[in-house]
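Student: I would like to learn how to read a few features of a model. Please start with solvent exposure.
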Amino acid sequence: MSDRKIIAVLGATGAQGGGLVRAILDDPDGGYAARAITRNPASETARGLAEAGAEVVQADLDDQASLEKAFEGAYGVYGVTNFWEHFSPEKETAQGANIARASAAAGVSHAIWSTFEDTRKYVPLDSDQMPTLMGRYKVPHFDAKADANHFFTDSGVPTTFLLTSGYWENLIHFGWGPQRGEDGSLNLVMAIGDAKMPSIAAGDIGPLAYGVFKRGDELVGRSVGAAGEHLSGAEMAAQTSEALGMKIGYWAAPPEVYRSFDFPGAEDVGNMFQFKRDFEDVYRGNRDLDLARALHPGLRTYREWLAESGSEIPIPD
């Protein structure tokens with residue numbers, strides 16, 4: 001491993017980080033080695049990564065010192081946080097700051113920070129275009145990540161800012177799958193109107209990030225979008241119908257209706273969808289499909305993802 005550049009991967013047992021670890025391990029002649037960082041090296045997933053050839057190291061996003069130790073000797077760091085574990089924007093930003101400061105302390109040559117747009121640049125807090133949440137945010141899980149961006153630039157860490165997109169796996173695990181209406185019909189429900197929304201197979205983000213690392217300094221200081229396709233709700237519904245062999249429509253729920261749904265984070269997600277609808281040109285423009293495919297030639301389409309995983313989408317009775 002000593003003759004290869006070590007990439008320290010946070011979230012290594014999750015979707016994004018796990019995909020990057022696998023991409024590195026699947027390219028034994030690529031000149032890189034995977035250091036999988038996890039809170040629990042004894043977990044089944046972590047043990048599987050170790051058996052596959054990754055170096056597994058324990059660290060905690062809330063503990064900067066543990067991150068500094070985990071990053072020692074690393075060429076690169078992949079930084080990702082999971083807002084939905086705790087629903088705290090302040091914790092999210094603090095974790096991003098810890099990653100940035102630890103990267104600087106370890107002398108990392110290239111960091112990738114998985115982040116989002118700061119929606120308040122487009123919808124000021126005093127705007128009634130959409131509700132202000134928690135007093136300081138429009139889309140908390142976007143804005144909190146964006147609040148951490150400056151820690152990377154301020155600390156002098158050479159950084160690429162990776163703007164990710166909604167996972168197609170959200171149809172399986174996050175309640176975005178077909179919902180049954182009072183009339184018995186099945187519909188995908190999103191508050192994006194007729195806008196085309198960038199989205200991606202979660203497992204493709206890691207290989208795309210690996211493509212960024214392989215470009216070296218070329219993408220340092222830049223934002224790079226991660227998306228597999230830009231699809232409207234109607235297009236997603238039509239392709240899902242075809243893949244599952246059942247009629248599934250699309251309901252473009254008004255954002256104010258979506259925000260009223262009874263699940264944790266509904267207001268946040270409703271505002272997110274509205275941002276993607278109201279600022280479609282910005283959101284799509286930040287996610288160049290040609291660049292994404294150049295970085296990861298195996299990038300899947302929604303049809304391809306459905307062929308692999310569509311059978312896991314839950315269908316309500």
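Tutor: Buried means under 20% relative accessible area, exposed over 50%, and partly exposed in between, with a 1.4 Å probe and protein chains only. This is a predicted model: local features need pLDDT of at least 70, side-chain atom pairs count only at pLDDT 80 or more, and totals for chains, interfaces and linings use all residues. Residues are numbered from 1 along each chain as its sequence is written, and side-chain values use heavy atoms, with hydrogens and water left out.

Student: Is Y122 buried, exposed or partly exposed, and which is F279?

Tutor: Y122 is partly exposed because its relative accessible area is 32%. F279, at 16%, counts as buried.

Student: How are aromatic pairs read, and how many are there?

Tutor: Rings of Phe, Tyr and Trp (its six-membered ring) pair if their centres lie within 6.5 Å; planes under 30 degrees apart are stacked, over 60 edge-to-face, the rest tilted. The count here is 24 aromatic pairs. One of them, Y122 with F279, is tilted, at 5.5 Å centre to centre and 50° between the planes. These two residues are 157 residues apart in the chain.

Student: What does D118 touch, and which side chain does its own join in a polar contact?

Tutor: Contact means heavy atoms within 4.5 Å. Leaving out residues up to four places away in sequence, D118 touches D143, A146 and D147. A polar contact is a pair of N or O atoms within 3.5 Å; within protein, one must be able to donate a hydrogen and the other to accept it, and residues adjacent in sequence count only if both atoms are side-chain atoms. The side chains of D118 and R120 make one of 2.8 Å. D118 is buried, at 16% relative accessibility.

Notes: Helices (H or I, at least four residues) and strands (E, at least two) are DSSP runs, numbered from the N terminus.
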